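Subject: Structure for your attention, with notes

Dear colleague,

I am handing over the structure below, and I would be grateful if you could read it alongside the notes that follow.

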Amino acid sequence: MTMTYRGTTALITGASSGLGEEFARQLAARGADVVLVARRADRLRDLASRLEAEHRITATALSIDLTATDAPSQIHRELESRGIRLSTLVNNAGFGMKGAFADADPARVAEMVQVNVAALVNLTREFLPDLVAAGNGALVSIASTGAYQPCPNMAVYGATKAFVLSFTEALAYETKGSGLSVLAVSPGATRTEFFDVVGTPDAAVGRFETPEKVVTRALSELDRKNTPPSFVSGRLNAITAGLVGWMPRRMALAISGRVLR
Ligand SMILES: NC(=O)c1ccc[n+]([C@@H]2O[C@H](COP(=O)([O-])OP(=O)(O)OC[C@H]3O[C@@H](n4cnc5c(N)ncnc54)[C@H](OP(=O)(O)O)[C@@H]3O)[C@@H](O)[C@H]2O)c1
C-alpha cells in the first residue's frame, strides 16, 4: 500500500542539506506540500523554489535555529498563522562532535543536546496531536547506528541517538491504531555534510550510503501496512547493530571504542 502524500503537508527539519534535503525532495515528488526548517535561509529558499517548480506543490522555507528553546512553539505558531496543518513530521536536524568528553566545549555539548534531543521532543509534542488527528501521515525521527551501542569519543552524540530511538519506538506503540505511522530511521555513515560539521571530513570515504538510499528505504517502510517502529539502513549496519545487542556490554564497548578512536 503506497502512502498518499498529495494534498498533505510534511515538515522536515534540517532540510538545508543531506538527509533532510532528500526527504524534502522525495516527499515533494510524491505530491506533499513541504515546510523546510533549518538555519541557512538561502539554501532553504533555493530548494523551496526548485521543488515548487518541479512538483507543483507548495514549499515554505522557515529559517529557524533549533538551539533556541522556544523554536518548536515558534514554528507551531508560525504554521498556525499561515493556516498550515501537518500530516507528517520528519525530525531530521542534528549534528555530531568527536573527541573526549572531558575536552568538549560545554556550549557546543549543550547545543547538541538541544538540537538532537530537546527540540525533537518539543517539536513532536507540539505537533503529535495534529499528526494523530490527520491520521494519514507519518512521524519520522532520524536516530543512527550509534544508537545501538555506547560511542566512546562521540559519547553525547551516541546517547542523543539512543534517546531518539527509544523515544520514537515508544511513540510508535502509543499511537498504534491511530492511522499515524511512526518510524525511527538509523542510518550508518551516509554521504552528507555530517562529517564536515563533526570536523572529520576525511572520514567521508569508504563504505558510505547515499541519502537517496536511506530516504527511499524510509518511505518504502512507511508504505508498508505494518510499518516497523524502526530500521537500520544497510544490510551490514543492520547485522552489526543486531550482533551488538547480543554481545556482552564490555565487548560491544571495546569494539565501538576501537572504531571511533
Ligand atoms: N550522515 C551520517 O553519516 C549520519 C549517520 C547517522 C545519523 N545521521 C543523522 O542524520 C541527520 C541528518 O544529518 P545529515 O547526515 O544529513 O547531516 P547534514 O548534511 O550536516 O545535515 C544536518 C541538517 O541539520 C540542520 N541543523 C543543524 N543544526 C541546526 C540548528 N541549530 N537549527 C536548525 N537546523 C540545524 C542543518 O541545517 P543548517 O546548518 O542550515 O541549520 C542541516 O540541514 C542528523 O540527525 C544526523 O545525526 C547522519
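In what follows, a residue is called buried if 20 or more other C-beta atoms lie within 10 Å of its own, exposed if 12 or fewer do, and partly exposed in between, with the C-beta atoms placed from the backbone. Please bear in mind that this is a predicted model, in which local features need pLDDT of at least 70 and side-chain atom pairs count only at pLDDT 80 or more, while totals for chains, interfaces and linings use all residues. Residues are numbered from 1 along each chain as its sequence is written. Helices (H or I, at least four residues) and strands (E, at least two) are DSSP runs, numbered from the N terminus.

I begin with Thr227, which is placed in the loop between α7 (211-223) and β7. Thr227 counts as buried because it has 20 C-beta neighbours inside 10 Å. Contact here means that the C-beta atoms of two residues, placed from the backbone, lie within 7 Å; leaving aside neighbours within four places in sequence, Thr227 is in contact with Ser181, Leu183, Glu221 and Leu222. Thr227 and Ala172 are 55 residues apart in sequence, yet their C-alpha atoms are 9.3 Å apart in space.

Strands are said to pair if DSSP finds at least two bridges between them. Strand β5 (residues 138-142) runs parallel to β6 and is joined to it by five bridges, with Ile142 standing opposite Val185 in β6. On another side of the pairing, β6 and strand β7 (residues 230-232) pair in the parallel sense over three bridges, and Ser230 in β7 is the bridge partner of Ala184. A crossover is right-handed if, with the strands pointing away from the viewer, the path from the first strand over the helix to the second runs clockwise; β5, helix α5 (residues 155-174) and β6 make a right-handed β-α-β unit.

Strand β2 (residues 33-38) is likewise mostly covered, with six of its six residues buried. Both of its faces are covered, Asp33, Val35 and Val37 being buried on one side and Val34, Leu36 and Ala38 on the other. β2 pairs in the parallel sense with strand β1 (residues 9-13) over five bridges, and Thr13 stands opposite Val37 in β2. The chain crosses from β1 through α1 to β2 in a right-handed β-α-β crossover. β2 also pairs with β3 in the parallel sense, over five bridges, and Ala61 in β3 is the bridge partner of Leu36. The passage from β2 through α2 to β3 is again a right-handed β-α-β crossover.

A nonpolar core is taken as a set of buried Ala, Val, Leu, Ile, Met, Phe, Trp, Tyr and Cys residues joined through C-beta atoms within 7 Å. The largest such core has 67 residues, and those with the most contacts inside it are Ile12, Ala24, Val34, Leu36, Val37 and Val185. Helix α4 (residues 106-134) supplies the largest share of this core, seven residues.

As for the ligand, 28 residues surround it (each with its C-beta atom, placed from the backbone, within 6 Å), and the closest are Gly14, Gly18, Arg39, Gly94 and Phe194. α1 (18-29) and α6 (194-198) each supply at least two residues of this shell, and α1 gives the largest share, three residues.

Arg56, in the loop between α2 (41-55) and β3 (59-63), has a positive phi of about 50 degrees although it is not a glycine, and Arg56 counts as exposed because it has 9 C-beta neighbours inside 10 Å. Asn153, in the loop between β5 and α5, has a positive phi near 75 degrees, also in a residue other than glycine, and with 16 C-beta neighbours inside 10 Å Asn153 counts as partly exposed.

With kind regards
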